Amino acid sequence: MDKIYLDNAATTALSPEVIDAMVDVMKINYGNPSSIHSIGQEAKALIEKVRRDAANYLKVTPAEIIFTSCGTESNNMILKSCVHHLGVQRIITSPLEHKCVAESTLELKKLFGVEVVYLRPNKKGDIDLNQLEEALSKSDKKTLVSLMHANNEIGNLLDIEKTAEICKKHNALFHSDTVQSIAHLDLDFSKIHLDFASCSAHKFHGPKGSGFAFVRKSSGLKGIITGGPQERSLRAGTENVVGIVGLGKAMEIAMDNLETYKTHIQDVKNYTISKLKKSIPGIKFNGRSAEEDRSLYTVLSALLPYKDPMIGLKLDMEGIAISQGSACSSGASKPSMVMMMVLGEEEMENGTPLRISFCHTTTKGEINHFVDILEKISASHQIEKINS
Ligand code: PLP
């Protein structure tokens with residue numbers, strides 16, 4: 001059997017159409033988009049088309065889409081520029097954020113004395129918006145709220161509409177890390193009053209090294225990479241034309257097929273949940289990940305009822321690619337902050353988290369094979385337990 005890829009929250013395979021679009025650019029459109037001659041201007045036109053399309057999908061203006069190298073860069077730029085250029089003195093965030101937000105926030109605290117307030121999620125990983133209101137009404141300091149839309153480890157969804165309303169009411173800036181949700185959910189930023197968001201093409205079958213930041217024009221954000229006037233001076237550097245075109249093609253395919261993909265993936269996810277429940281007694285699901293209306297349909301976080309730090313390697317040897325948590329922390333010996341938040345001490349001690357993440361090409365046949373293998377591994381743990 002071919003390898004089974006269940007790590008789509010870490011990254012996705014490139015679509016063949018995306019590869020074709022990028023190869024065409026590599027062969028033909030080698031011009032520098034800042035050059036005034038026609039070869040340069042043709043490359044520029046390709047970038048501007050992707051900008052217009054992305055803006056259309058999100059219902060914003062093209063000037064509010066700033067191409068970057070990835071989600072990490074977009075989030076860094078937004079958080080750091082808010083402090084450097086917009087006078088933000090306080091950041092309200094949560095311990096569930098991706099490392100690129102968490103580390104940027106800590107750096108801003110250490111280097112610039114920015115006050116950082118962490119909202120405490122409950123054991124399901126929910127953010128309590130009353131806590132947010134309370135924190136916002138406690139201080140007059142210029143504040144940025146940074147809360148992710150869809151969690152990359154447990155799939156929990158934040159009510160961004162309501163969060164944005166609360167931030168607006170309290171005159172706070174609102175940034176949401178939307179890396180896992182853009183091109184997977186239909187987002188209308190003309191109705192959601194957030195100021196900043198981030199996107200990464202490799203989460204939806206586009207290339208790595210290509211993303212964008214959504215920067216609401218009225219926010220007045222400036223860039224942190226200085227140099228030429230590219231990206232309206234918000235992100236200097238010759239544009240990655242190939243990557244941007246790849247992002248555009250991937251986003252076009254994702255948005256054109258959004259409902260079809262979503263229906264298929266949700267069906268596969270529900271099937272996985274019921275198969276796992278039947279085959280692995282005692283399995284649990286973390287956060288809201290098994291709840292259809294409260295989690296992203298591409299992510300399922302399970303807790304196996306035994307300790308097995310080698311689970312990823314064992315599955316890999318059987319041809320199944322899967323992570324225990326986020327790709328950035330899965331190589332680390334320490335459990336991730338997200339897992340520490342949603343699991344009790346006993347569960348951490350006696351259980352093994354496993355993140356199963358799907359895409360539109362994942363089949364039930366693949367899930368059957370994966371669950372069969374997992375069942376065998378689980379049975380060996382059962383025998384070990386009985387013998388000990
Ligand atoms: N934010 C979230 C929620 C993510 O899942 C990731 C990637 O795993 C990132 C940010 C970083 O994106 P990139 O890999 O494009 O730097």
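How many cavities of 30 Å³ or more does a search of the whole structure find? The search finds one. (A cavity is a set of points on a 1 Å grid over the protein atoms alone where a 1.4 Å probe fits but cannot get out; lining residues have an atom within 4 Å of a point.) Before you click, note that this is a predicted model, where local features need pLDDT of at least 70, side-chain atom pairs count only at pLDDT 80 or more, and totals for chains, interfaces and linings use all residues. Residues are numbered from 1 along each chain as its sequence is written, and side-chain values use heavy atoms, with hydrogens and water left out.

The largest cavity holds about 190 Å³ of space, a volume being the space filled by probe spheres set on the points. Select His-184, Phe-204, His-205, Tyr-261 and His-360: of the 21 lining residues, these are the closest to its centre. Next, colour domain 1 (4-12 + 257-387) and domain 2 (16-256), since each gives at least three residues to the lining; the bounds come from an automatic or database domain assignment.

**Stop two: the ligand.** Now show the 14 residues around the ligand, meaning those with a heavy atom within 4 Å of it. Thr-72, Asp-177, Gln-180, Ser-200 and Lys-203 come nearest. Zoom in on the side chain of Thr-72, where an N or O atom is 2.6 Å from a ligand oxygen. In the side chain of Asp-177, an N or O atom is 2.6 Å from a ligand nitrogen. For Gln-180, a side-chain N or O atom is 2.8 Å from a ligand oxygen.

Terms used: On a 1 Å grid over the protein atoms alone, a cavity is a set of points where a 1.4 Å probe fits but cannot get out, and a pocket is an open set with protein on both sides within 12 Å along at least five of seven lines; lining residues have an atom within 4 Å of a point. A polar contact is a pair of N or O atoms within 3.5 Å; within protein, one must be able to donate a hydrogen and the other to accept it, and residues adjacent in sequence count only if both atoms are side-chain atoms.
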